[in-house]
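Subject: Structure for you to look at

Hello,

Here is the structure I said I would pass on. Please open it before you read the rest of this message.

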Amino acid sequence: MTSGTTPGLTRFNTSADSEALAALHEVCSSSAWASEILARRPYTTAEALFLASDAAMAELTAEDLAEAMAGHPPIGRPKAGDPTSSREQSGMAGASAELKAEMLELNLAYQDTFGHVFLICATGRTGEQMRDALRRRIGNSPEEEREIVRTELGKINRIRLTRLVETSEEESSA
């Protein structure tokens, strides 16, 4: 990850609040998280932004976490027209029909148990790794799972913030 000032970080720091909030909403659906990140601008380095993200994530209430999770599609079923989720869940793209069916079944059982989608930082994980994590986590208590979700959201936010601050002007308008 980058740690210095980049053109993307400069653009984020100097953009209008409405533009910055829209960019932050693409990173994380929590309004409380986005408001906290926006309030701390400008950031001198990407690392300062990441640390602010981690701190804001640690402060989210259960309701804020639910709002953040609502922005994530189930593993194996990214929303149509959502290149971010499709890219992050690419480990499921080549999964067998059997694995996809098993993930659907496990996702539904998880949602019945916890009341929200199974959330995992899917970047770099295979379909089998995500399935195995889901199998392990479905037996967690709601409290344990909420803290795991908080950690996973933090990882996802860092990946998405990295992309935000490392994207050039040309890439961001494409």
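Below is what was found in it, going from the overall fold to single residues.

Please keep in mind that this is a predicted model.

Overall fold

The protein has 174 residues, and 45% of them are buried. Of the contacts with a separation of 6 or more, 72% are between residues 24 or more positions apart. The protein exposes about 8,800 Å², and carbon and sulfur atoms supply 53% of that area.

The nonpolar core

In soluble globular proteins, nonpolar side chains tend to be buried together. Here, the largest nonpolar core has 43 residues. Which residues have the most contacts inside this core? They are Phe-12, Trp-33 and Ile-37. The elements that give two or more residues to the core are α1 (7-14), α2 (17-27), α3 (31-39), α4 (46-58), α5 (62-69), α7 (97-114), α8 (127-137) and α9 (142-166).

Leaving out residues up to four places away in sequence, Trp-33 touches Leu-24, Val-27, Cys-28, Ser-53, Ala-56, Met-57, Leu-60, Asn-157 and Leu-161.

A buried loop residue

Ser-29 sits in the loop between α2 and α3. Is Ser-29 buried or exposed? Its relative accessibility is 14%, and buried means under 20%, so Ser-29 counts as buried. Apart from neighbours within four places in sequence, Ser-29 is in contact with Glu-67, Ala-68 and Gly-71.

The cavity

How many cavities of 30 Å³ or more are there? The count comes to 1. The largest cavity has a volume of about 100 Å³ and is lined by 13 residues. His-72, Ile-75, Glu-88, Gln-89 and Ile-120 are the lining residues that lie nearest its centre. Two helices, α6 (83-88) and α9, each supply at least two residues of this lining. By type, the lining divides into 8 nonpolar, 3 polar and 2 charged residues.

Regards

Methods:
Residues numbered from 1 in each chain as written. Predicted model: local features only at pLDDT ≥ 70, side-chain atom pairs only at ≥ 80, totals over all residues. Heavy atoms only, no water. Core = buried A, V, L, I, M, F, W, Y, C linked by side-chain atoms within 4.5 Å. Buried < 20%, exposed > 50% of the residue type's maximum accessible area, 1.4 Å probe, protein only. Helix = DSSP H or I, 4+ residues; strand = E, 2+ residues; numbered from the N terminus. Contact = heavy atoms within 4.5 Å. 1 Å grid on protein atoms, 1.4 Å probe; cavity = no way out; pocket = protein on both sides within 12 Å on 5 of 7 lines; lining within 4 Å. Points joined across faces, edges and corners; volume = space filled by probe spheres on them. Nonpolar A, V, L, I, M, F, W, Y, C, P; charged D, E, K, R; others polar. Areas by Shrake-Rupley, 256 points an atom, 1.4 Å probe, with all protein chains shown as cover.
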